[in-house]
Protein chains: 2
Amino acid sequence: MDLYSYFRSSASFRVRIALALKGLAYDYKPVHLVKSEQLKPPYAALSATGLVPLLVDDGHAIGQSLAIIEYLDETHPQPPLLPVDALGRARVRGLALDIACEIHPLDNLRVLRYLVRELGVSEEAKDTWYRHWVETGLAAVEAQLAGDARTGRFCHGDSPTLADCVLVPQIFNAQRYDCRLDAVPTVMRVFGACMQLPAFVDSQPDRCPDAA
Amino acid sequence: MDLYSYFRSSASFRVRIALALKGLAYDYKPVHLVKSEQLKPPYAALSATGLVPLLVDDGHAIGQSLAIIEYLDETHPQPPLLPVDALGRARVRGLALDIACEIHPLDNLRVLRYLVRELGVSEEAKDTWYRHWVETGLAAVEAQLAGDARTGRFCHGDSPTLADCVLVPQIFNAQRYDCRLDAVPTVMRVFGACMQLPAFVDSQPDRCPDAA
């Protein structure tokens, strides 16, 4: 398998964690987002969206980090990244989507660029925007984790799931932008538990081949 | 089942379509987003995120439209909303996420409000922002639909899937904001095929009990 990734892309980071949790080997193919390599050949010919990550498995290109992780879970079921029960699966997917849909898209590089270049937003207002969506979104995740007996050592039970694969990269971003995290103690406890596992530690941005 | 919905919420619209495709009856519970009912009791006690839709099945609350649709597909498998093969499932989920993560979050009511109220963006610039993300995102969907033999009458093959449940509400939004759609002929052909089915027609905003 080939994974097209950018070290700082948190969507790529999610997939790196899932591959590592499953012990799957892959070739790391860097795509430099700040240099806009995702919009130029050869990557543009491979990806219709111009986004990373992209997994190529046996010649088939698969986009969107959550779809990739579900694909990996279906094709390499051990260890599972989703619970067996439908309600548990819905909870894990819901937590993952609460980050992947409600926080991350608003703080994407291309969105931040639009704010600055097209709307003339100041750097300070851009950073406030960033923190607003992170802090609002993580408060909603905290409320769900803190108020549910299904939360264990990790987001759901005592082994990592899709939800943890999505949570950890978001916390890396939050820390990079100095977001307030003292209001989300359960989130941070789970983050700490994840960061004791090599699959999470070894997948972090500064361990990537393309890290600056 | 109870579905907490707002007639104009396109995420709610996705779930209404899925419920209709599966022929599942439910109680429609309106939550008026413009009046901020999602942030006040009684809804705030039910939803940790303050977002719609929310499905309550046998006392269990499930959030996030894509997680709800996957849950419905697992608990009520007929007709299926995902293909049987892992690559096909990844394609359908990827298309759904290309809309749910790359377009919709940027054009959400709360985001548009932030642009206007916090950043002082003009109405005109806000509408340009809206159209930019719709048109950019739909171009990526078009490229995938037009260039893949798996596209059929619908996004994937000849029966509706999760991808169609997400595509159709996005086109409703695009039309409401006068986005350019002549550049996405395959998207619009699929949209037209969907809108020949009662499940899509009967779920549209102006057929909802809370339609203005």
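Me: Two strands pair if DSSP finds at least two bridges between them. With that settled, what is the strand order in the open sheet of chain B?

Reply: This is a predicted model, to start with. In chain B, four strands line up as β2-β1-β3-β4. The sheet is open, and its pairing is mixed.

Me: Which are the edge strands there?

Reply: β2 (27–30) and β4 of chain B. Each of these pairs on one side only.

Me: How much are neighbouring strands turned against each other?

Reply: By 20° on average, ignoring direction.

Me: Take β1(B) and β2(B). In which sense do they pair, parallel or antiparallel?

Reply: Parallel, with four bridges between β1 (residues 2–5) and β2(B).

Me: Now chain A. What is the order of its sheet?

Reply: β2-β1-β3-β4, four strands in an open sheet with mixed pairing. Its edge strands are β2 (27–30) and β4 of chain A. From one strand to the next, the twist averages 20°.

Me: How many bridges hold β1 and β3 of chain A?

Reply: Three, in the antiparallel sense, between residues 2–5 and residues 54–57. A:Leu3 has A:Leu55 as its bridge partner in β3(A).

Me: New topic. What rotation superposes chain A on chain B?

Reply: A rotation of 180°, with 0.0 Å of shift along the axis and an RMSD of 0.0 Å. The two copies are thus related as by a two-fold rotation axis.

Me: Which residue of chain A comes closest to the rotation axis?

Reply: A:Cys101, with its C-alpha at 2.5 Å. Both copies use the same surface: 97% of the contact residues of chain A recur in chain B.

Me: How many residues are in contact across the two chains?

Reply: 33 from chain A and 32 from chain B. On the chain A side, the elements giving two or more residues are β4 (60–63), α3 (65–75), α4 (86–100) and α6 (123–146).

Me: Which of them gives the most?

Reply: α4(A), with nine residues.

Me: How do the residues on that side of chain A divide: nonpolar, polar, charged?

Reply: 19 are nonpolar, eight polar and six charged.

Me: On to α3 of chain B. Why is it largely enclosed?

Reply: Because nine of its 11 residues (the helix covers 65–75) are buried. Here, buried takes 20 or more other C-beta atoms within 10 Å of a residue's own. Among the buried residues are B:Leu66, B:Ile69, B:Glu70 and B:Asp73.

Me: What do those buried residues pack against?

Reply: In chain B: α1 (10–21), β3, β4, α4 (86–100) and α7 (162–176). They also pack against α4 of chain A.

Me: Last one. In the largest nonpolar core, which residues touch the most other members?

Reply: A:Ala96, A:Leu167, B:Ala96 and B:Leu167, in a core of 135 residues. Nonpolar side chains in soluble globular proteins tend to be buried together.

Me: What does A:Leu167 touch?

Reply: A:Ile99, A:Cys155, A:Val187, A:Val190 and A:Phe191. That leaves out residues up to four places away in sequence.

Key:
Residues are numbered from 1 along each chain as its sequence is written. Chains are lettered from A and ligands numbered from 1 in the order in which they are written. This is a predicted model: local features need pLDDT of at least 70, side-chain atom pairs count only at pLDDT 80 or more; totals for chains, interfaces and linings use all residues. Copies are superposed by least squares on the C-alpha atoms of residues with pLDDT of at least 70 in both. Two residues are in contact if their C-beta atoms, placed from the backbone, lie within 7 Å. Ala, Val, Leu, Ile, Met, Phe, Trp, Tyr, Cys and Pro count as nonpolar, Asp, Glu, Lys and Arg as charged, and the others, Gly among them, as polar. A nonpolar core is a set of buried Ala, Val, Leu, Ile, Met, Phe, Trp, Tyr and Cys residues joined through C-beta atoms within 7 Å. A residue is buried if 20 or more other C-beta atoms lie within 10 Å of its own, exposed if 12 or fewer, and partly exposed in between; C-beta atoms are placed from the backbone. Axes are lines fitted to C-alpha atoms, for helices over the stretch in contact, and angles run from 0 to 180 degrees between N-to-C directions.
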